[in-house]
Amino acid sequence: MKNYHLLPLSFENSGQQSILTPVLIHDEEDCILVDCGYPGFTSLLDEALAKHQLSLQSLTKLIVSHHDIDHMGALAAIKRSYPQIDIIAHEQDAPYINGTCKSLRLEQAESTLDALPDAAKPGAKAFISYLQAMEHAPVDRIVADREILPWCGGIEIIHTPGHMPGHISLYLPSSKTIIAADAVVIENGVLDIANPQFTLDMDQAIASVERLGQYDAEHLICYHGGLYEGDVKQALHQLLQSYA
Ligand SMILES: O=c1ccn([C@@H]2O[C@@H]3COP(=O)(O)O[C@H]3[C@H]2O)c(=O)[nH]1
C-alpha cells in the first residue's frame, strides 16, 4: 500500500531551474516529512503540501536524512513555528543538526578553499558564509541502523554513510519503497552515487548502495532526481558494477 507522496520543490539556483524532492509519509495519525529544503523554503513546502490538502501545520514528525543545507536549511524555522513536530535523525548526524558539532560540510568547504583556482574562490566563500549562517534545531529523537519506527505501517532506518557519516535512508515495507535521500541520485535516468565532490567517504558510499540492494524494493526515491523509473534492484546492482 502506497502511503507517501513526493513533494517536488522547484526553484531557481544561480540562474538554473533545480528540483529537490522531500517525501511525505502519512496515515490517519501521522504526517511525516523527510527532509525540508534550503533556508526560506517553508512557503514552497506549504505549497507542495497544499496539493495534498495538508500544510506544515499538519506535520507530526520530520526525519532529517543528514545535515546538508539543502536537506535541513528550513528546519529551524519549521520547528520555531511548529514546535510540536518531532525532529528525528541518526545518532551520528544529530550533533551537527543541533549545532553541538561544526558542520562537516563547512569543515570540508573551509579546508579545500585555499587549493581552489582563483576563479572558484568567490563561489566557495559564498557557500562557506551560507553554511555559517545556517540555523540549527534540536533533535527530539535519535535513531539507529535497522530500527523500525512504528508509524505509517513501519519505517525502517537504513544507515547509509558515505555522503556523510550519519546519513540515513528509509525503507517502507508496506509499499516496498526506499527513500534514499543522497545515498544515490538519478542523473539522466541512471542511478549513481551522489556528486563525488560532496561524498565524504566513497568506500562507505559504495557499501551503502550494496546495503540498499539487499532490500526487497520496487520503488526508490532520490532527493536529487525523484522517483526512479525502472527495476530498482537491477539498477542498484548495475551501479555497483560500475564502481567495482
Ligand atoms: O555552492 C554550493 C555548493 C554546494 N551546495 C549544496 O551542498 C550540498 C552537498 O550535498 P548535495 O549533493 O545534497 O547538494 C549540495 C548542494 O546543494 C550549495 O548549496 N552551494
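1. A cavity here is a set of grid points where a 1.4 Å probe fits but cannot get out. The model under discussion is predicted, and two cavities of 30 Å³ or more are counted in it.

2. The largest cavity has a volume of about 40 Å³. Its lining consists of Thr 21, Pro 22, Val 23, Val 34, Asp 35, Ile 179, Ala 181, Ile 221, Cys 222 and Tyr 223. By class, eight of these residues are nonpolar, one is polar and one is charged. Strand S12 (177-181) and strand S15 (219-222) each contribute at least two residues to this lining.

3. The second largest cavity holds about 30 Å³ of space. Thr 160, Pro 161, Gly 162, His 163, Asp 182, Ala 183, Ile 193, Thr 199, Ala 205 and Ser 208 form its lining, which divides into four nonpolar, five polar and one charged residues.

4. Around the ligand stand Tyr 38, Asp 68, Asp 70, His 71, Arg 105, Phe 127, His 163, Asp 182, Phe 198 and His 224. This shell comprises three nonpolar, three polar and four charged residues.

5. For Tyr 38 the distance is 2.6 Å, for Asp 68 it is 3.0 Å, and for His 163 it is 3.3 Å. Of the 430 Å² of accessible area that the ligand has on its own, the protein covers 75%.

Definitions and conventions. Residues numbered from 1 in each chain as written. Predicted model: local features only at pLDDT ≥ 70, side-chain atom pairs only at ≥ 80, totals over all residues. Heavy atoms only, no water. 1 Å grid on protein atoms, 1.4 Å probe; cavity = no way out; pocket = protein on both sides within 12 Å on 5 of 7 lines; lining within 4 Å. Points joined across faces, edges and corners; volume = space filled by probe spheres on them. Helix = DSSP H or I, 4+ residues; strand = E, 2+ residues; numbered from the N terminus. Nonpolar A, V, L, I, M, F, W, Y, C, P; charged D, E, K, R; others polar. Near = heavy atom within 4 Å. Polar contact = N/O pair within 3.5 Å; in protein donor to acceptor, adjacent residues only side chain to side chain. Areas by Shrake-Rupley, 256 points an atom, 1.4 Å probe, with all protein chains shown as cover.
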